Amino acid sequence: MASLSEARAQKKSGHPVSAPGGSSLPQLGKLREAMMTWYCPTHSELTPCKTFLFMKGLRETKSPEEKKKLLLDRQNKMSAMSAEEKKVMQTQAREAFRIMYTEYCRDTQAIALRNAEVCTNTALKNLYGEPQG
């Protein structure tokens with residue numbers, strides 16, 4: 001996947017920002033959002049869901065001052081973590097995404113009620129593995 005700096009450079013240059021598998025980064029974000037919207041209400045304790053619910057709350061916050069306060073509080077919490085804590089959190093997040101993806105794509109009948117592209121997207125398959133059914 002393109003690094004943040006590579007993505008910014010591509011965006012400035014007018015070239016499409018893409019991830020491995022040919023998906024655009026915004027498209028991947030929308031697919032992940034579909035998956036997390038389904039999964040996170042019942043798994044709010046997981047790292048990706050904590051981030052998703054924080055971002056959702058931030059988008060719903062109208063006051064610029066309140067948004068700034070929320071962001072600063074979160075930044076302070078992240079800065080207070082040790083390198084080891086951050087590494088553990090990243091590992092847990094990666095595993096949580098893999099499980100989330102597998103559960104989202106497991107029930108082929110229910111996929112018709114969800115965004116089926118999540119389960120067929122090459123980049124997501126490469127990131128999280130083939131859905132286990």
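This is a predicted model: local features need pLDDT of at least 70, side-chain atom pairs count only at pLDDT 80 or more; totals for chains, interfaces and linings use all residues.
**View 1. Helix H2 and its buried face.** Let's start with H2, whose 15 residues reach 21 Å from the first C-alpha to the last, close to the 21 Å expected at 1.5 Å a residue. Its buried residues are Leu 28, Leu 31, Arg 32, Met 35, Met 36 and Tyr 39. Seen down the axis of H2, these buried residues fall within an arc of 135°, so they line one face of the helix. On the face turned away from that buried side, look for the exposed residues Pro 26 and Lys 30. The cover over the buried residues of H2 includes H3, H5, helix H7 (117-120) and helix H8 (122-128).

**View 2. Helix H3 and its packing partners.** H3 spans residues 47-60, and its 14 residues reach 20 Å between the first and last C-alpha, close to the 20 Å expected at 1.5 Å a residue. Buried here are Thr 47, Pro 48, Cys 49, Phe 52, Phe 54 and Leu 58. These buried residues pack against helix H2 (25-39), helix H4 (64-79) and helix H5 (83-106).

**View 3. Where H2 meets H3.** Two packed helices are described by the angle between their axes and the distance between the axes. The axes of H2 and H3 come within 10 Å and cross at roughly 100°; the two helices are therefore roughly perpendicular to each other. From H2, Glu 33, Met 36, Thr 37 and Tyr 39 meet Pro 48, Cys 49, Phe 52 and Arg 59 of H3. Sorted by class, this contact has five nonpolar, one polar and two charged residues.

Key
Residues are numbered from 1 along each chain as its sequence is written. Side-chain values use heavy atoms; hydrogens and water are left out. Helices (H or I, at least four residues) and strands (E, at least two) are DSSP runs, numbered from the N terminus. The expected span of a helix is 1.5 Å times one less than its number of residues. Buried means under 20% relative accessible area, exposed over 50%, partly exposed in between (1.4 Å probe, protein chains only). Contact means heavy atoms within 4.5 Å. The arc is that of the directions from the helix axis to the C-beta atoms. Axes are lines fitted to C-alpha atoms, for helices over the stretch in contact, and angles run from 0 to 180 degrees between N-to-C directions. Angles under 35 degrees count as roughly parallel, over 145 as roughly antiparallel, 65 to 115 as roughly perpendicular and the rest as oblique. Ala, Val, Leu, Ile, Met, Phe, Trp, Tyr, Cys and Pro count as nonpolar, Asp, Glu, Lys and Arg as charged, and the others, Gly among them, as polar.
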